[in-house]
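Thanks for making the time this morning.

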Amino acid sequence: HSPALKLGQKLNEGKTKQIFELADEPGHVLVQSKDQITAGNAARKDQMEGKAAIANRTTSCVFKLLQEAGIKTAFVRQQSEKAFVAARCEMIPIEWVCRRVATGSFLKRNPGVKEGYRFYPLKMEMFFKDDANNDPQWSEEQLLETKLSLAGLTIGRCEVDIMNRSTVAIFEVLERAWATQNCTLVDMKIEFGVNVSTKEIVLADVIDNDSWRLWPAGDRSQQKDKQVYRDLKEVTPEAMQMVKRNFEWVSESVKRLLEPQASGRVVVLMGSISDTAHCEKIRKACGSYGIPCELRVTSAHKGPDETLRIKAEYEGDGVPTVFVAVAGRSNGLGPVMSGNTVYPVINCPPITPNWGAQDIWSSLRMPSGLGCSTVLSPEAAAQFAAQIFGLSDHLVWSKLRASMLNTWVSLKQADKKLQACSL
């Protein structure tokens, strides 16, 4: 438990949380959950003892997972059992809803679509936060024409596209994480805010068991989310205990989403110690994906027996391994490794200006039966290894997915700045 914080004025209070200024932390707020559960725009409302702590644990774990992946969020830290600290944001009054499976209100608005219809790609919808009008569905055109201005940022085409693309990435990261628990993420809603300090759009508000539908084993009859509460014909103490058990199951399961599913490593074999600088770039890039990386020196030409001994050492402990062969001039290292192991081998030769055009052929033209790939950039070689591990480790996959998103966002923002300069 962290020491008590000095609270400033209450900035906002919703159905399930309160938000306070932090007197000693300018630019930060405290988000305090409440023991209240609601449905139908608060038409149904009940106290559920312990819900605040359950919701706070769930949200904190989800935001940690997304932040470790590289998604920009307002979350700073879990402060106490019922509260977390976040960057102060001006909230964009839009709920972004992302759907993989058709159910709920989508079926009512789209008669003829059967429950269980799967969306490829994901189905995106947005709803304007307006309790008096029951949060009407909006189009992108309505959002653009409203010209919302928050924390000095006008919400235009660039910002709408960033939120749209970010929602898809966030859903896919969480969908992949929940799949490790044999649980289908059916749909979810999220909100964005403009960080008042950085003027960036970030994922804000909360993501807890009110935010999504979760179907273990893809079976709606086993649903664990707030829909169970919505579906109650009568709210009884026994029914509320069932709802609470579902929420507790989610808060316990979500902790496991932070655990890697498979350990793996990259082993970089260099033909000469002079290639160390090239190899260190590979190791640094592997670290950004959370993948351990070891460097070894061996020459397949000058010491093939030692090369094969090192190979056997890494094959013998059962840890999934990707070998990266770094050899200039004539690359015997990659082909020899590829011909003697079933583990993936990536050639990453340190090409020099003088003989590079000729040397590269020893990495590209292989005898039959060899399957090593060739990637010239050290960072790209590490990325390729990460993509291999990402097939079985959702945490590595999520870092790759967030990196794709952040690259796209940076290009979008650069284009916006260039257009502004041109005007």
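Let me start with the rings, of which the structure holds eleven aromatic pairs, where rings of Phe, Tyr and Trp (its six-membered ring) pair if their centres lie within 6.5 Å, and planes under 30 degrees apart count as stacked, over 60 as edge-to-face and the rest as tilted. One of these pairs joins Phe75 and Phe84, whose ring centres are 5.5 Å apart with planes at 40°, so this pair is tilted. Phe75 and Phe84 are both buried, and here buried means under 20% relative accessible area, exposed over 50% and partly exposed in between, using a 1.4 Å probe and protein chains only. A second pair is formed by Tyr314 and Phe323, with ring centres 6.3 Å apart and planes at 75°, so that one is edge-to-face. Tyr314 is buried, at a relative accessible area of 3%, and Phe323 also counts as buried, at 1%. Ring pairs also link Phe63 with Phe75 and Phe84 into a cluster.

Before I go on, please keep in mind that this is a predicted model, in which local features need pLDDT of at least 70 and side-chain atom pairs count only at pLDDT 80 or more, while totals for chains, interfaces and linings use all residues. Residues are numbered from 1 along each chain as its sequence is written, and side-chain values use heavy atoms, with hydrogens and water left out.

Now to the cores. A nonpolar core is a set of buried Ala, Val, Leu, Ile, Met, Phe, Trp, Tyr and Cys residues joined through side-chain atoms within 4.5 Å. Which members touch the most others in the largest nonpolar core? Among its 63 residues, they are Ile92 and Trp212. Helix H4, residues 157–179, gives this core its largest share, twelve residues; helices (H or I, at least four residues) and strands (E, at least two) are DSSP runs, numbered from the N terminus. Apart from this core lies another one of 24 residues, including Ile291, Cys293, Ala382 and Val396. Returning to Trp212, and leaving out residues up to four places away in sequence, its contacts include Leu174, Trp178, Met188, Ile207 and Val250, where contact means heavy atoms within 4.5 Å.

Next, the spaces. On a 1 Å grid over the protein atoms alone, a cavity is a set of points where a 1.4 Å probe fits but cannot get out, and a pocket is an open set with protein on both sides within 12 Å along at least five of seven lines, while lining residues have an atom within 4 Å of a point. Searching the whole structure gives one cavity of 30 Å³ or more. The largest cavity has a volume of about 40 Å³, and among the residues lining it are Lys17, Lys34, Lys51 and Asp208. The second largest pocket holds about 460 Å³ of space, and of its 24 lining residues, Asp275, Ala327, Gly328, Arg329 and Ser330 lie nearest its centre.

Finally, a few single residues. Ser251 sits in helix H6, residues 237–256, and is buried, with a relative accessible area of 0%. Apart from residues up to four places away in sequence, Ser251 touches Ile54, Arg57 and Thr58.

His278 belongs to helix H7 and is buried, with a relative accessible area of 15%. Setting aside residues up to four places away, the contacts of His278 include Val326, Cys348 and Leu376.

Is Pro292, by contrast, buried or partly exposed? Pro292 is partly exposed, at 48% relative accessible area, and lies in the loop between helix H7 (276–288) and strand S18 (293–297). Not counting residues up to four places away, Pro292 touches Gly264, Arg265 and Val266, and its C-alpha atom is separated by 6.3 Å from that of Val266, 26 residues apart along the chain.

Gly264 itself lies in the loop between H6 and strand S17 (265–270), and counts as buried at 16% relative accessibility. Leaving aside neighbours within four places in sequence, Gly264 is in contact with Ile291, Pro292, Val319, Pro320 and Phe389.

Definitions and conventions. Grid points are joined across faces, edges and corners, and a volume is the space filled by probe spheres set on the points.
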